[in-house]
Amino acid sequence: YPIANGSLASLRYVYGNYFMARKAATLQRIEFMNRVSVGYNTKIYTGGDLSLYPNINHMGTVDYYTDMYKVFKLSKINMNVTLPSICSGIPLRVIDIMGAGGFVLTDYREDFDGLFEAGTDYVYYTSIDDAINKIDYYLKNEDERCMIARNGQKKVEENCTYIISIQKMLEIIAADKEVV
């Protein structure tokens with residue numbers, strides 16, 4: 001794998017964060033989805049190889065810009081498993097799901113705490129068993145699940161637009177200049 005001249009990334013960093021992290025995430029997602037799909041009608045939207053997912057309904061690909069929001073909105077539970085190499089930040093997929101009015105069950109990320117309230121705007125899991133327990137609970141408690149999805153959508157609409165995000169960036173830049 002070629003590294004560009006002048007890059008600060010080492011070969012070790014590139015392999016660890018781009019190749020090994022993706023492989024780890026793939027293995028984690030295979031185990032996760034196969035455990036979930038044993039007890040629940042599980043669908044996946046991808047063009048990838050699904051031979052390792054025997055109990056999952058393959059729905060094919062969906063155009064991200066024209067149709068994916070419909071999948072997020074109409075799915076009872078949208079799962080997010082973040083790449084292990086992503087140590088901070090809120091995954092854009094989660095913002096997309098919540099912005100479309102979908103219910104999201106995601107792995108825990110500390111960065112959510114500053115913008116969203118767990119159990120009110122979104123739900124997180126700490127293990128596969130915890131995720132399965134929460135899937136079971138929220139499938140049985142539709143009103144609560146729908147309320148969380150609405151709360152999450154409202155928070156995204158109030159806090160995560162391009163204009164608001166750019167304003168926050170400019171405020172951070174301005175504050176940083178004042179310190180220097």
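Visitor: What is the strand order in the open sheet of three strands?
Guide: Quick heads-up: this is a predicted model, so local features need pLDDT of at least 70, side-chain atom pairs count only at pLDDT 80 or more, and totals for chains, interfaces and linings use all residues. Residues are numbered from 1 along each chain as its sequence is written, and side-chain values use heavy atoms, with hydrogens and water left out. Strands (E, at least two residues) and helices (H or I, at least four) are DSSP runs numbered from the N terminus, and two strands pair if DSSP finds at least two bridges between them. With parallel pairing, the sheet's order is β3-β4-β5.

Visitor: Which strands stand at the edges?
Guide: An edge strand here has a single partner strand, so one side of it is left without a neighbour in the sheet. That describes β3 (78-80) and β5.

Visitor: And what is the average twist from one strand to the next?
Guide: Axes are lines fitted to C-alpha atoms, for helices over the stretch in contact, and angles run from 0 to 180 degrees between N-to-C directions. From one strand to the next, the twist averages 25°.

Visitor: Which residue in β5 stands opposite Asp107?
Guide: Three bridges join β4 to β5, and the two run parallel. Asp107 has as its opposite number in β5 Tyr125.

Visitor: How many salt bridges does the count come to?
Guide: The rule asks for a side-chain nitrogen of Lys or Arg within 4 Å of a carboxyl oxygen of Asp or Glu. By that rule, the count is six.

Visitor: How many residues apart are Arg35 and Asp129, the pair that links distant parts of the chain?
Guide: Their side chains meet in a salt bridge, 2.3 Å from N to O. Arg35 belongs to helix α1 (residues 11-39) and Asp129 to helix α4 (residues 128-140), which puts the separation at 94 residues.

Visitor: Which residue forms a salt bridge with Lys155?
Guide: The closest N and O atoms of this pair are 2.7 Å apart. Lys155 lies in helix α5 (residues 142-159) and its partner in the loop between β4 (104-107) and β5 (123-125), so the pair ties together parts that are 34 residues apart in sequence.

Visitor: Over which ring does the charged end of Lys134 sit?
Guide: Lys134 forms a salt bridge with Asp130, the closest N and O atoms being 3.3 Å apart, and the two, four residues apart in helix α4, are separated by about one helical turn. A charge sits over a ring if NZ of Lys or CZ of Arg is within 6 Å of the ring centre and within 35 degrees of the ring normal. Lys134's charged end is 5.2 Å from the centre of the ring of Tyr124.

Visitor: How many aromatic pairs does a search of the whole structure find?
Guide: Rings of Phe, Tyr and Trp (its six-membered ring) pair if their centres lie within 6.5 Å; planes under 30 degrees apart count as stacked, over 60 as edge-to-face and the rest as tilted. The search of the whole structure gives a total of 10.

Visitor: What kind of pair do Tyr64 and Tyr65 make?
Guide: Their ring centres are 6.1 Å apart and the planes meet at 75°. That makes the pair edge-to-face.

Visitor: At what angle are the planes of Tyr137 and Tyr138?
Guide: This pair is edge-to-face too, with centres 4.8 Å apart. Tyr137 is partly exposed at 36%, while Tyr138 is buried at 8%. The angle between the planes is 90°.

Visitor: How many disulfides are there in the whole structure?
Guide: A disulfide would need a pair of cysteine sulfur atoms within 2.5 Å. Cys146 is partly exposed at 28%, and Cys160 is partly exposed at 21%. The search of the whole structure comes back with zero.

Note on methods:
Buried < 20%, exposed > 50% of the residue type's maximum accessible area, 1.4 Å probe, protein only.
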